[in-house]
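Subject: The structure we talked about

Hi,

Here is the structure I promised to pass on. Have a look at it first, and then read my notes below.

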Amino acid sequence: PISIEADALKMVVADCDEAMVLLLQERAKATQMIAESRGAGTGVASAELSQEEVERIERANTPSENRLPVLKHQAVRSVFQEVARVCSQLRCTVAYLGPPATFTHQAARSRFGINADYVQCDRIPDVFTAVERGSVAWGVAPVENSTEGSVSQTLDLLATTELQVVAEVCLD
């Protein structure tokens, strides 16, 4: 049997969830307004937390007399990192060289998060073509890999198209 206390705690959790959703919507709207104020063609909005943001989040997660027990900083940072990715890339589309779970797919997900729509491409030129035609907003192609070193096809396409590198993702 569920106790009255458990029911009351479930209501607290539900109220917190509703408040978080409203705050997430506010954050997403503010992020979109920032992106719109920058204008088109200004490059990818950073989905990575700045050092200033990390420090602010960690201060908010520091115990005080009137605060509940502290969550691990890394756990809170991970949550906020995903929130930042979701807010900065609302419904963006990303082409990658692929199948799913390849290093290029992992790099794309690392950069754009789980909210992006991913388009698998069979060849590196297909990634570039998808971006050039506007069927996707971003493309992720390997510049180096563990078996060949530099990926000359990507470097050649960067030299012969109008597309440019706006970010680098290194996988461990």
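pLDDT is the predictor's confidence in each residue, from 0 to 100. Helices (H or I, at least four residues) and strands (E, at least two) are DSSP runs, numbered from the N terminus. Over residues 40–44 the pLDDT is below 50, and beyond near neighbours in sequence this stretch has six contacts in the model; contact means heavy atoms within 4.5 Å. For the protein, the mean pLDDT is 84, with 90% of residues at 70 or more.

Some ground rules. This is a predicted model, so local features need pLDDT of at least 70 and side-chain atom pairs count only at pLDDT 80 or more, while totals for chains, interfaces and linings use all residues. Residues are numbered from 1 along each chain as its sequence is written, and side-chain values use heavy atoms, with hydrogens and water left out.

Now the sheet. It is open, has three strands in the order β2-β1-β3, and its pairing is parallel; two strands pair if DSSP finds at least two bridges between them. β2 (117–121) and β3 (138–140) are the edge strands, each pairing on one side only. On average, neighbouring strands are turned by 25° against each other, direction ignored. Five bridges join β1 to β2, and V94 has Y118 in β2 as its bridge partner. Helix α4 packs on the sheet, touching β1, β2 and β3, and its direction makes about 155° with that of β1. Helix α5 also lies across β1, β2 and β3, running at about 160° to β1. (Axes are lines fitted to C-alpha atoms, for helices over the stretch in contact, and angles run from 0 to 180 degrees between N-to-C directions.)

What makes up the largest nonpolar core? There are eight residues: C92, V94, Y96, A107, A108, F112, A116 and V140. A nonpolar core is a set of buried Ala, Val, Leu, Ile, Met, Phe, Trp, Tyr and Cys residues joined through side-chain atoms within 4.5 Å. Buried means under 20% relative accessible area, exposed over 50%, and partly exposed in between (1.4 Å probe, protein chains only). β1 (93–97) and α4 (103–112) are the elements that give two or more residues to this core, and the largest share, three residues, comes from α4. Not counting residues up to four places away in sequence, A116 touches C92 and V94. A second, separate core has six residues, including C121, V127, A130 and V131.

T104 is also in helix α4, and at 10% relative accessibility T104 counts as buried. Leaving aside neighbours within four places in sequence, T104 is in contact with Y96, L97, V140, A141 and P142.

Last, the charges. How many salt bridges does a search of the whole structure find? Two, where a salt bridge is a side-chain nitrogen of Lys or Arg within 4 Å of a carboxyl oxygen of Asp or Glu. E58 pairs with R77, their closest N and O atoms being 2.1 Å apart. This pair links distant parts of the chain, with E58 in helix α2 (residues 51–60) and R77 in helix α3 (residues 73–88), 19 residues apart. The side chains of D126 and R123 form a salt bridge too, at 3.0 Å from N to O. D126 is partly exposed at 25% relative accessibility, and R123 is partly exposed at 46%.

Cheers!
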